[in-house]
Amino acid sequence: MNAWSTRNPPSPSTSRSSAGRKNLAFETLTSIREATSMAGTGPIAQDWEPVVLRKKAPTAAAKKDEKAVNAARRSGADIETVKKSNAGTNKAASSSTTLNTRKLDEETENLSHGRVPSELKKNLMQARLDKKLTQAQLAQQINEKPQVIQEYESGKAIPNQQIITKLERVLGVKLRGKK
């Protein structure tokens with residue numbers, strides 16, 4: 001006997017005829033169904049319920065996207081438009097006027113920036129030479145470019161009180177007039 005016949009002995013009505021083969025196939029199918037139902041999976045069946053996969057809700061940035069706005073227009077939804085001030089311009093950067101540019105704007109006759117006074121130039125040069133510093137070394141100590149020191153000593157620079165304060169601190173002298 002083979003392995004199949006030891007597990008499921010043929011019934012007396014089974015024979016080698018075509019009817020017997022059909023009966024054997026039916027018994028085999030029945031035993032498979034019983035085995036699967038015993039395993040807890042139940043009979044083999046198809047589930048025809050629809051499965052719906054959804055995307056995440058759009059973020060605020062995605063709602064403002066040009067495609068999303070156009071789709072909302074086509075569907076007739078309400079669209080809120082807000083005009084931002086200074087949008088697409090560089091006015092914010094130039095609107096904060098410094099002291100020198102404000103003075104220039106208010107000036108009517110003399111259209112030039114103030115320059116370093118000659119007494120400041122002389123005091124700066126004398127203090128730097130007394131400390132035996134080059135322009136580059138002094139600039140490095142105040143964290144500025146050497147060109148800034150050169151402009152201050154030549155009188156071409158526009159006076160900046162922060163830079164002058166740094167110079168006074170590093171050189172240890174008063175560069176401006178009496179305080």
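## Exercises on a helical chain

Asn-143 sits in the loop that joins helix 8 to helix 9 (146-154). The model is predicted.

**Exercise 1. Describe Asn-143: its phi, and whether it is buried or exposed.**

Step 1. Check the backbone. Phi of Asn-143 is positive, about 60°, although the residue is not a glycine.
Step 2. Check the surface. Exposed means over 50% relative accessible area. Asn-143 has 66% relative accessibility, so it counts as exposed.

**Exercise 2. Place Lys-132 in the chain, then give its phi and its accessibility.**

Step 1. Find the loop. Lys-132 lies between helix 7 (118-130) and helix 8 (135-141).
Step 2. Read phi. The value is near 60°, positive in a residue other than glycine.
Step 3. Classify Lys-132. Its relative accessibility is 73%, so it counts as exposed.

**Exercise 3. Which pattern does the protein chain follow, and how many of its elements are helices and how many strands?**

Step 1. Count the elements. The protein chain has 10 helices and 0 strands.
Step 2. Write them in sequence order. The pattern is α-α-α-α-α-α-α-α-α-α.
Step 3. The protein chain has 179 residues, and 15% of them count as buried.

**Exercise 4. Work out how helix 7 and helix 9 are oriented to each other.**

Step 1. Two packed helices are described by an angle between axes and a distance between axes.
Step 2. Read both values. Helix 7 and helix 9 pack at about 125°, with axes 7 Å apart.
Step 3. Apply the cut-offs. Roughly perpendicular covers 65 to 115 degrees, and roughly antiparallel starts over 145. Helix 7 and helix 9 are therefore oblique to each other.
Step 4. List the partners. Helix 7 supplies Leu-120, Lys-121, Leu-124, Met-125 and Arg-128. Helix 9 supplies Tyr-152, Glu-153 and Ser-154.
Step 5. Sort the contact by class. It has 4 nonpolar, 1 polar and 3 charged residues.

**Exercise 5. Which residues of helix 10 are buried, and what covers them?**

Step 1. Take helix 10, residues 161-171. Its buried residues are Ile-163, Ile-164, Leu-167, Glu-168 and Leu-171.
Step 2. Look down the axis. These residues cover an arc of only 140°, which puts them on the same side of helix 10.
Step 3. Turn to the other side. Gln-162 and Arg-169 are exposed there.
Step 4. Find the cover. Helix 7, helix 8 and helix 9 are among what covers the buried residues of helix 10.

Key
Residues numbered from 1 in each chain as written. Predicted model: local features only at pLDDT ≥ 70, side-chain atom pairs only at ≥ 80, totals over all residues. Heavy atoms only, no water. Helix = DSSP H or I, 4+ residues; strand = E, 2+ residues; numbered from the N terminus. Buried < 20%, exposed > 50% of the residue type's maximum accessible area, 1.4 Å probe, protein only. Axes fitted to C-alpha atoms, helices over the stretch in contact; angles between N-to-C directions. Parallel < 35°, antiparallel > 145°, perpendicular 65-115°, else oblique. Contact = heavy atoms within 4.5 Å. Nonpolar A, V, L, I, M, F, W, Y, C, P; charged D, E, K, R; others polar. Arc of directions from axis to C-beta.
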